Amino acid sequence: MASIAKRPNGKWRARYRDAAGREHARHFERKVDAQRWLDEETASIVTGQYVDPKARKVTVDEWCDTWIAGYGSRRPSSVRQANVHLARIRQEFGELPLGAVQPSMVRSWMARLRGEGLSASYLFALHSRLSQVMRDAVLDRKVPASPCSRRTSPGAGKPRPYVATEAQLWSLVEQAGETYRPALLLGAFVGLRTAEACGLRPGDIDFGNRTITPAVQYPSLPLKTEMSGETVPIPDSLVTFLKPLCADRTFVLADGDGAQVGPWQVEREMRRIRGLVAGLPDGFRFHDLRHFYASLLIASGADVKVVQHRLRHASAKTTLDTYGHLWPDSDESTRAAVERVMSSKITNLADSMRTGGPS
């Protein structure tokens with residue numbers, strides 16, 4: 001219900017009720033202004049773009065407080081990372097009402113941060129976080145639309161992963177302390193992430209069927225995604241290596257006192273040994289061992305779906321985006337496929353065309 005009425009003081013009072021039945025009213029000097037406001041408000045209700053007038057006053061700072069409170073059920077590490085991103089977002093947009101953040105502002109912010117020398121991947125992470133926060137504001141009807149889109153995104157900017165050679169891998173294993181060698185093998189030949197390797201328990205290894213099924217990540221938290229719990233086959237040699245380590249242990253990766261090894265300990269060891277191996281980049285991490293595992297699978301002829309499941313990616317797109325360049329040259333495979341069909345007929349066809357016979 002909406003109406004416009006003239007008040008005794010000469011002003012025009014426009015009022016309407018929103019979908020929840022709450023009444024809203026404003027006073028105007030001119031009837032035409034009252035009608036314009038009323039038309040805009042009622043149209044937004046009909047089109048689903050309506051935002052409560054009180055919600056329009058909510059600032060980015062205030063919404064970030066609300067948003068992070070709802071995000072607190074995630075893993076502590078995820079919440080910490082979110083707060084790092086929100087600090088940057090608050091610094092730039094905190095005092096503005098949510099609806100005042102425009103796409104042009106987001107693009108300018110990204111350009112300025114790029115000029116400060118921040119990496120493309122970090123800019124992409126910041127933009128993704130702002131987009132996530134704004135999408136939730138739209139769902140909560142705090143703003144009619146998000147200012148973030150592909151047009152404002154700086155792009156992922158992810159470089160191609162570094163794939164260690166076999167010689168580099170075995171040199172890493174030889175240089176590593178005895179406590180950390182199983183971790184390197186689990187990364188390079190099972191594709192486990194750092195926290196998954198540190199959380200691996202003897203019961204997660206089926207020695208009879210020669211498989212590993214990750215169930216938790218360090219210390220005993222749920223896995224990153226449902227797909228992370230996919231079963232991975234392992235070779236006999238790895239079974240032989242791991243079996244003695246699983247006797248009387250709670251976790252496969254344990255120090256001399258039997259205590260669970262943490263991800264930071266594994267990464268610290270990686271920083272120590274990577275400088276001892278010729279040709280490895282300075283930033284080589286444990287996670288890069290997954291790239292070695294992927295390269296082995298691709299070189300063996302595995303297709304994208306197999307590689308996706310072995311790496312336990314949520315989608316094949318992630319696998320292709322990361323490792324598409326490792327598959328064999330597509331030009332030659334295309335030529336070979338076409339040649340198989342054409343070779344038996346093309347000579348006869350060419351001869352027929354030269355002699356003017358039937359094609």
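Helices and strands here are DSSP runs, numbered from the N terminus, with a strand needing at least two residues. In these terms R210 sits in the loop between strands β4 (205-206) and β5. The model is a predicted one.

Counted by that rule, the secondary structure of the protein amounts to 14 helices and 6 strands. The protein has 359 residues, and 37% of them are buried. Its accessible surface is about 20400 Å², with 52% of that area belonging to carbon and sulfur atoms. Among contacts between residues at least 6 apart in sequence, 58% join residues at least 24 apart.

The backbone has a few points to check. R210, in the loop already named, has a positive phi, near 55°, and is not a glycine. R210 has a relative accessible area of 39%, so it falls in the partly exposed class. D248 also has a positive phi, about 60°, without being a glycine. The loop that holds D248 runs between α9 (236-242) and α10 (263-274). With 84% of its relative area accessible, D248 is classed as exposed. A further backbone feature is the peptide bond from Y218 to P219, which is cis, with omega near -5°. P219 belongs to the loop between β5 (211-212) and β6 (232-233).

Aromatic side chains come next. A pair of aromatic rings is described by the distance of the centres and the angle of the planes. The count for this structure is 6 aromatic pairs. One of them joins W67 and Y71, which are stacked at 4.7 Å centre to centre with 20° between the planes. Why are W67 and Y71 separated by about one helical turn? The two residues are 4 residues apart in helix α2 (residues 60-71), which accounts for that spacing. W67 has a relative accessible area of 6% and is therefore buried. Y71, at 9%, is buried because its value lies under the 20% limit.

F93 and W109 form another aromatic pair, edge-to-face, with 5.2 Å between centres and 75° between planes. This pair links distant parts of the chain, since F93 is in helix α3 (residues 76-93) and W109 is in helix α4 (residues 103-115), 16 residues apart. F93 and W109 are both buried. Elsewhere, W170, F189 and F292 make up one aromatic cluster.

The helices α3 and α4 are also joined by a charged pair. The side chains of R112 and E92 meet in a salt bridge, 2.4 Å from N to O. R112 is in helix α4 and E92 in helix α3, 20 residues apart, and the pair links distant parts of the chain. Are these residues buried or partly exposed? R112 is partly exposed, at 39% relative accessible area, and E92 is partly exposed as well, at 29%.

The whole structure holds 18 salt bridges. One of them is between the side chains of E29 and K11, with 3.8 Å from N to O. E29 lies in the loop between β3 (23-28) and α1 (31-47), while K11 lies in the loop between β1 (2-6) and β2 (12-17), 18 residues apart. E29 counts as exposed at 59% relative accessibility, whereas K11 is partly exposed at 31%. R13, R15, R17 and E23 are linked in a network of salt bridges.

D321 counts as exposed at 54% relative accessibility, and K317 is exposed at 55%.

Is H291 buried or exposed? Its relative accessibility is 6%, so H291 counts as buried. The side chains of H291 and Y323 are joined by a polar contact of 2.6 Å. Leaving aside neighbours within four places in sequence, H291 is in contact with P161, Y162, V163, T322 and Y323.

How values were computed
Residues numbered from 1 in each chain as written. Predicted model: local features only at pLDDT ≥ 70, side-chain atom pairs only at ≥ 80, totals over all residues. Heavy atoms only, no water. Buried < 20%, exposed > 50% of the residue type's maximum accessible area, 1.4 Å probe, protein only. Polar contact = N/O pair within 3.5 Å; in protein donor to acceptor, adjacent residues only side chain to side chain. Contact = heavy atoms within 4.5 Å. Areas by Shrake-Rupley, 256 points an atom, 1.4 Å probe, with all protein chains shown as cover. Phe/Tyr/Trp six-rings, centres within 6.5 Å; stacked < 30°, edge-to-face > 60°. Salt bridge = Lys/Arg side-chain N within 4 Å of Asp/Glu carboxyl O.
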